[in-house]
2 protein chains.
Amino acid sequence: MSERSERSEQVVRAEKLDAADELAGVRSRFVLDDVVYLDGNSLGALPANVPGRVEDVVRRQWGELRIRSWEESGWWTAPERIGDLIAPLVGAAAGQIVVGDSTSVNVFKALVAAVRMAGAGAGAGAGAGRDEVVVDATTFPTDGYIAESAARMTGCTLRPVAPADVPGVLGDRTAAVLLNHVDYRTGRLHDLPSLTSAIRAAGAVSVWDLCHSAGALPVGLDEHGVDLAVGCTYKYLNGGPGSPAYLYVRRELQDSFDSPLPGWNSHAEPFGMRSAYEPAAGALRGRVGTPDILSMLALEAALEVWEGVSVESVRAKSLALTDFFLECVASYVPEGRVESLTPSTHAERGSQVALRCDDAGDVMKRLIERGVVGDFRAPDVLRFGFTPLYVGFGDVERAARVLGETVAGAV
Amino acid sequence: MSERSERSEQVVRAEKLDAADELAGVRSRFVLDDVVYLDGNSLGALPANVPGRVEDVVRRQWGELRIRSWEESGWWTAPERIGDLIAPLVGAAAGQIVVGDSTSVNVFKALVAAVRMAGAGAGAGAGAGRDEVVVDATTFPTDGYIAESAARMTGCTLRPVAPADVPGVLGDRTAAVLLNHVDYRTGRLHDLPSLTSAIRAAGAVSVWDLCHSAGALPVGLDEHGVDLAVGCTYKYLNGGPGSPAYLYVRRELQDSFDSPLPGWNSHAEPFGMRSAYEPAAGALRGRVGTPDILSMLALEAALEVWEGVSVESVRAKSLALTDFFLECVASYVPEGRVESLTPSTHAERGSQVALRCDDAGDVMKRLIERGVVGDFRAPDVLRFGFTPLYVGFGDVERAARVLGETVAGAV
C-alpha cells in the first residue's frame, strides 16, 4: 500500500468518526482556531462564555458594586458553590468539595488532615502506631515535595513506591496514601477502586490527586469510598491559567478534618472576628483565606460547557480518540521512531498519549510550528492530551500525520 | 453658631484642601461614581486600566496563545515580577518579594520558616531552646488561627500578647513574633522600627503582616531590618477581590528560608520534574503551586496607578484626610454618640478611622443607603478607610455630615 493511500484511509475513518460523534457540537462552546490543540491536559482552551463573564465580574461586580459583591454577587459562597458544580464530574454528592488555593496547597491540607485522621503523627506520641505516609513514586513532583513536608511536619516517614506496589506495603504503620489517578507523564490510569479499597482495609486514609483525570473520565469518589481528593481545574475543566484547585472531603470524615491551614474563611463564624478558632461544619472547613474571585468566577463560567454532557460520553470519546491516535501513529510514523508509554489497555489509559522519542524537545518545537500543539516533558517524552469536548478525529489524524512527517524529516 | 454655618465652614475647608491636593488627579485613574467609598481598606476600587488588561489576558493570552503564554506572555515569571512592583511601596529592594496564595497561606509559610530559622521547634529536639511563637493578641483573627497551627506543627507554644507588651515577653525562648503593622479594627499603627529592633535583639525572627498598611503609609522593610513580611493586595493596592497576597523574605535570610509548602514552583529547576526537592535561590523559594494568572495580572495592571506617586505623599494626604474626618465628626456628630478608637497621635494612626457606636450595624446600613460606604465590624465598630489615591476632602466632609444626620435620626 502506498503512503498516499494509507493517508486517505485514515482521513476517511476520521470523517466517519467525526460524523458519528455525539459531542462534536460541544466544540462550538470554545474559542478555537485551526491549531490542533492537544495540550488541554496542561491548559484547557477558553470557553466562549468566559470573556463576557469575566468582564461583568470586573466592570460591574467589582467596579460598580465593589464591596457589596461579597454578598450581592455571591463572592463569599463561591468556593462551595463552584465545588458543587465540580462534584457531579467526579462522582461526588453536593457538599463535599470546596474550590480554592493551588493543588499543592490542597495536597498539604489533605495529607496533614489524613495523617491526623489516622490518629498518627507526632501528636500521637512516639510509638503510637501509624507513622508512614505512602506516596506514588512516579507522581507529579509537587505532590512528592509536599508529601515530604507533610510527613516531616506530622512526625511521619515518607515511603515512595510505585502505585502497583502500594498494596504490598500497606500495614499497621500506614497513616495515609497519596496517589495520582492518572500519571502525568505516561498517561497511565491507576486502579482507584481497588487501591482505595486496599487502603481502607489497611486502616489508612486515601488521598487521590485527580488533576489528570477529572473531566476526562469517571472518577466515582463517593461510589468507591475515596476519603480525600484534590485536583486542579485548568486542565480538562478549562478554568483558565492557574485557576483555583479543589478539595474533596468525604462527608463522614468532615467532622474529623483537622486542617493545617485553618484560615478565617474556614471558621464557623468568619465575621465574628473571634480570637478562638472554631471550624465550620462541612466542606467549607477546607477553605483558608479570601478566595481569588476573578479566577474563581472564570472557572464557574467555564463549567457551564458541561451542560448536557455526561462524563461517560466524554470517556467513550476519549478512548476512541486515543485509540485512533495510536492507530494513526502506527500508520504514519516510521517504525521504531517513537514508542508509546501509554498503556494499550483501556482500563489503564487516561486521556493522553505519551510517546518516547529521542529528540522529543526538537520534535515538539517543530510540531508546534506546524500547528500541532502538545507538550514536551523532559527528557524524552512527547505528550498529547485529548479533550473530548473540543478535539475531533480529524484533529487526531492531522496530528499523527504531521508527527510522521516531522520525525521523518519530511517537513 | 448655628448648625448651618458650621456645615458651611467644613465645606469651605474641604474645597480648599481639595484644591491644594497634589494627588487629586490620581482619582481619574479609578472607576468611581458619586458614592463616597471609604471601604478601600477592605476592597480597593477598580483601577480604570484593569478591565482592558484582563480582557487581553483572557481573550488573547489565554484564548489565542493558550499554553504558549506561560512563556510568551510572561505568566511564569509573574509572581516575582509583580513582587518587584510592590517592593518600592513597602521599602524593599527588588528580589525579595513574591506574589501568590492568600495572606493566610503566606502567614503559615512565613511563620513556620521563621521558627525554623530561629533553630527552634520540634526538629531541634526537646529543650533545644526557642519554643515560643509570640503573636499579636489583637490581630486579625486569621493570623492568630494560622499562628496557632504553625506553632502546633513546629512543636512551639503560642503566646498571644498585646503589641505594646511584646518587648516585655521577648527572651531566650522566643522563636518568632507575628505582628500586624496596623490593627484592622482600631486603625492603630504599631511601631514597626522599634518592635523589629527589639525582636532582633532578642535573637528572634520578626514577621509583619502589612495588610492594613502597605499602600497607605511607608513601611521601610529593608531600612528597619524586618525579617519576613506578608500582605494582601486587595486593599490599598487595589488588586481586586481576593487578588493574591505577597511574601517578603529579607535577602540575607533567603538561603535559610525553609518553606513548609515546597511546591514545584519553588524548585530550582521546576521543569526538570525531578523527584528530589531542591529549593530555588532567592525570593521565588516562597512560591508554591501554579499562580492564578487572571487575578495576578489584574493586580499587575492595578499597580500602574502608582506611577509618579510617592508613598510619602500618600501618607501625608492620609493623615490630612483622617484628621479632617475626625474634625468633621466632632462638628457634625452629637457629642457622645460615637467614640473614636483610632489614636489621635499621627505616629500611631494608620489610614482608617474606627468609631465605636452602640448601633453600629444599623448605622452602617443607613450610611450605605445614603451613598457613604464604610464597613461594620462586630460588635460595635464603624470602620472608615481612607485611600488617598481616590478619596478627597469633599468626600470626607460629606461622609461625616451624613453620619451626623444618620445618628441624629435626621435622615
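B:Ser102 sits in the loop that links β2 (97-99) to α5 (103-117) in chain B. The model is predicted. B:Ser102 counts as buried, because 28 C-beta neighbours lie inside 10 Å and the cut-off is 20 or more. Its contacts beyond four places in sequence include residues of chain A, among them A:Gly263 and A:Thr290.

**Around B:Ser102**
- Leaving aside neighbours within four places in sequence, B:Ser102 is in contact with A:Gly263, A:Val288, A:Gly289, A:Thr290 and B:Ala245.
- B:Gly231 is 129 residues away from B:Ser102 in sequence, yet their C-alpha atoms are 8.7 Å apart in space.
- B:Gly231 belongs to strand β7 (residues 228-231) of chain B.

**Strands of chain B**
- β8(B) covers residues 246-249.
- β2(B) pairs with β8(B) in the antiparallel sense, over 3 bridges.
- β7(B) also runs antiparallel to β8(B), and 4 bridges join them.
- B:Tyr248 takes part in both pairings: it stands opposite B:Ile97, and it is the bridge partner of B:Ala229.
- B:Tyr246 and B:Tyr248 point one way from β8(B), while B:Leu247 and B:Val249 point the other way.
- All four of these residues are buried.

**Two chains**

**Nonpolar core**
- The largest nonpolar core holds 264 residues.
- A:Leu111, A:Ala176, B:Leu111 and B:Ala176 touch the most other members.
- Beyond four places in sequence, B:Ala176 touches B:Leu111, B:Ala114, B:Val115, B:Ala118, B:Val133, B:Ala204, B:Val205 and B:Val207.
- In soluble globular proteins, nonpolar side chains tend to be buried together.

**Helix α10 of chain A**
- α10(A) runs over residues 311-332, which makes 22 residues.
- At 1.5 Å a residue the helix should span 32 Å, and its end C-alpha atoms are 31 Å apart, so the two values agree.
- Its buried residues are A:Val311, A:Val314, A:Lys317, A:Ser318, A:Leu321, A:Thr322, A:Phe325, A:Cys328, A:Val329 and A:Tyr332.
- These cover an arc of only 135° around the axis, so they lie on the same side of α10(A).
- An α-helix has 3.6 residues a turn, so residues three or four places apart point the same way.

How values were computed:
Residues are numbered from 1 along each chain as its sequence is written. Chains are lettered from A and ligands numbered from 1 in the order in which they are written. This is a predicted model: local features need pLDDT of at least 70, side-chain atom pairs count only at pLDDT 80 or more; totals for chains, interfaces and linings use all residues. Helices (H or I, at least four residues) and strands (E, at least two) are DSSP runs, numbered from the N terminus. A residue is buried if 20 or more other C-beta atoms lie within 10 Å of its own, exposed if 12 or fewer, and partly exposed in between; C-beta atoms are placed from the backbone. Two residues are in contact if their C-beta atoms, placed from the backbone, lie within 7 Å. Two strands pair if DSSP finds at least two bridges between them. A nonpolar core is a set of buried Ala, Val, Leu, Ile, Met, Phe, Trp, Tyr and Cys residues joined through C-beta atoms within 7 Å. The expected span of a helix is 1.5 Å times one less than its number of residues. The arc is that of the directions from the helix axis to the C-beta atoms.
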